[in-house]
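Here are some notes to read alongside the model.

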Amino acid sequence: MTIAEVSRRYGLSTDTLRYYERIGLIPKVPRNKSGIRDYDEVSCGWVELMKCMRSAGVQIEALIEYVALFQQGDETLGARKALLMEQRDQLTARMTDMQTSLDRLNDKIERYDQNLVVYEQTLRRIQQD
């Protein structure tokens, strides 16, 4: 699959895909005889994983470390799992913070709605008098 096809498939720019490969966020993509990137199923799997992780707010540095550990082989299974668990804990904390913020916003909006009702009731009374 060409870089343009992968770009369309995952909604990432070709520049982003090249950047991900250059910094080690995804392993080196195979190339055809002409030297053009030829994304295979494995490469696409990495792109999909990194898009998901970045969307979740996982830091690039942690993902680069994960890829580097993966490339070192099975002796890094424990370290990779620990890294993923740490990222999960950070994501859970961010989600808790976001839920708290959402609850606060909803409360503020509800107060505006309540004040609007009181204001409208006051206007009706004034009009009736």
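Is leucine 69 buried or exposed?

1. Leucine 69 is buried, as its relative accessible area is 12%, and the cut-off for buried is under 20%. The structure is a predicted model, so this value, like the others here, is computed from predicted coordinates. Leucine 69 belongs to helix α4. Apart from neighbours within four places in sequence, leucine 69 has contacts with Thr76, Ala79, Arg80 and Leu83. Leucine 116 is 47 residues away along the chain from leucine 69, and 57 Å separate their C-alpha atoms.

2. The overall make-up of the chain comes next. The protein chain has five helices and zero strands, which gives the pattern α-α-α-α-α when read along the sequence. Its radius of gyration is 24 Å, well over the 14 Å that the globule rule gives for 129 residues, so the protein chain is more spread out than a compact globule. Along the principal axes, the C-alpha atoms of the chain fill a box of roughly 85 × 35 × 20 Å.

3. Two further totals describe the chain. Of its 129 residues, 24% count as buried. Among contacts with a separation of 6 or more, 44% are between residues 24 or more positions apart.

4. How do helices α1 and α3 cross, and at roughly what angle? Two packed helices are described by the angle between their axes and the distance between the axes. Here the axes of α1 (residues 3-10) and α3 come within 11 Å and cross at roughly 35°. The crossing of α1 and α3 is right-handed. On the α1 side the contact is made by Val6, Arg9 and Tyr10, and on the α3 side by Cys44, Val47, Glu48 and Lys51. By type, the residues of this contact of α1 with α3 are four nonpolar, no polar and three charged.

5. Serine 7 is another residue of helix α1. Serine 7 counts as buried because its relative accessibility is 14%, which is under the 20% limit. Not counting residues up to four places away in sequence, serine 7 touches Leu12, Ser13, Thr14 and Leu17.

6. Which residues does arginine 37 touch? Arginine 37 sits in the loop between α2 (14-23) and α3. Leaving out residues up to four places away in sequence, arginine 37 touches Met1, Thr2, Ile3, Arg18, Glu21, Val29, Pro30 and Arg31. Arginine 37 is a charged residue by type, and it is buried, with a relative accessible area of 17%. Glutamate 5 is 32 residues from arginine 37 along the chain, and their C-alpha atoms are separated by 11 Å.

7. Aspartate 74 is in a loop as well, the one between α4 and α5 (77-128). Aspartate 74 counts as exposed because its relative accessibility is 61%, and the cut-off for exposed is over 50%.

8. Tyrosine 19 is partly exposed, at 34% relative accessibility, whereas tyrosine 20 is buried, with a relative accessible area of 8%.

9. Another aromatic pair, formed by tryptophan 46 and phenylalanine 70, is edge-to-face, with 5.0 Å centre to centre and 70° between the planes. Tryptophan 46 lies in helix α3 (residues 41-55) and phenylalanine 70 in helix α4 (residues 60-72), so the pair ties together parts that are 24 residues apart in sequence. Tryptophan 46 is buried, with a relative accessible area of 10%, while phenylalanine 70 is partly exposed, at 38%. Trp46, Phe70 and Tyr66 form one aromatic cluster.

Key
Residues numbered from 1 in each chain as written. Predicted model: local features only at pLDDT ≥ 70, side-chain atom pairs only at ≥ 80, totals over all residues. Heavy atoms only, no water. Buried < 20%, exposed > 50% of the residue type's maximum accessible area, 1.4 Å probe, protein only. Phe/Tyr/Trp six-rings, centres within 6.5 Å; stacked < 30°, edge-to-face > 60°. Helix = DSSP H or I, 4+ residues; strand = E, 2+ residues; numbered from the N terminus. Axes fitted to C-alpha atoms, helices over the stretch in contact; angles between N-to-C directions. Left-handed = near helix turned anticlockwise from the far one by under 90°. Contact = heavy atoms within 4.5 Å. Rg over C-alpha atoms; globule rule 2.2 N^0.38 Å.
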